[in-house]
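Me: I have a structure open and would like to go through it slowly with you. Could you take my questions one at a time?

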Amino acid sequence: MKDVRVEIADLSKTEHQQAVRGLTNAYAKDSNALGRSLPDDVLERLPDEIASHPAGVVFLAWSGDKPVGQATCFIGFATFSAKRLINVHDLIVLAECRGQGVGEKLLQAVEDYARANGFAKVTLEVAEGNPAKRLYLRCGFEEAGTFCAKYLVQNPWE
């Protein structure tokens with residue numbers, strides 16, 4: 001997709017709120033995620049919760065006026081360099097837009113933001129069988145160990 005533009009979401013705008021809800025829910029329904037829709041109450045409060053998080057940054061990819069991708073990121077800290085980092089928590093590309101450069105444009109926008117703000121690195125986690133891993137390696141990410149998580153809730157959306 002040559003006409004894709006990426007911007008940092010302004011979550012006070014209804015259009016951006018709707019994009020975040022729609023893209024995040026599309027991702028949740030994917031077999032590489034939950035495989036089902038998120039509950040309505042989660043979708044309703046999602047943009048406000050991200051906006052109220054002091055370290056949240058969302059990048060939206062648009063093709064014309066249609067949202068086609070999203071990188072939901074959170075700023076953290078890299079102790080070994082004593083600098084901030086940015087973690088791509090979710091990278092979302094609509095199924096019908098995959099393989100057309102949307103993911104690369106989103107990751108480049110995140111990297112450009114990180115460089116412009118003096119961050120030490122961009123991080124993300126990916127499951128071993130997730131086909132997006134090829135994208136990350138192609139974009140210069142390196143494998144850096146094993147990801148572990150301890151869930152404190154029974155359902156991921158609680």
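Me: Which residue in E3 is the bridge partner of Gly 56?

Reply: In this predicted model, the bridge partner of Gly 56 in E3 is Phe 74. Strands here are DSSP runs labelled E with at least two residues, helices are runs of H or I with at least four residues, and both are numbered from the N terminus.

Me: And how many bridges join E2 to E3?

Reply: Strand E2, residues 56-63, and strand E3, residues 66-78, are joined by 8 bridges and run antiparallel. Two strands count as paired if DSSP finds at least two bridges between them. In general, strands of a sheet pair through backbone hydrogen bonds, either parallel or antiparallel.

Me: What is the order of the strands in the sheet?

Reply: The sheet is open, has 5 strands in the order E1-E2-E3-E4-E5, and its pairing is mixed. Its edge strands are E1 (4-8) and E5 (121-124), each of which pairs on one side only.

Me: Switching topic, where is Ala 82?

Reply: Ala 82 lies in the loop between E3 and strand E4, which covers 83-93. Ala 82 is not a glycine, yet it has a positive phi of about 55°.

Me: Is Ala 82 buried or exposed?

Reply: Ala 82 is exposed, because its relative accessible area is 56%, and exposed means over 50%, buried under 20% and partly exposed in between, using a 1.4 Å probe and protein chains only.

Me: What about Leu 135, which helix is it in?

Reply: Leu 135 belongs to helix H4, residues 132-138, and it counts as buried because its relative accessibility is 12%.

Me: Which residues does Leu 135 touch?

Reply: Leaving out residues up to four places away in sequence, Leu 135 touches Leu 91, Gly 103, Glu 104 and Leu 107, where a contact means heavy atoms within 4.5 Å. Leu 107 is 28 residues from Leu 135 along the chain, and their C-alpha atoms are separated by 9.6 Å.

Me: Now the whole chain: in what order do its elements run?

Reply: From the N terminus on, they run β-α-α-β-β-β-α-β-α, which comes to 4 helices and 5 strands. Of the 158 residues, 37% count as buried.

Terms used:
Residues are numbered from 1 along each chain as its sequence is written. This is a predicted model: local features need pLDDT of at least 70, side-chain atom pairs count only at pLDDT 80 or more; totals for chains, interfaces and linings use all residues. Side-chain values use heavy atoms; hydrogens and water are left out.
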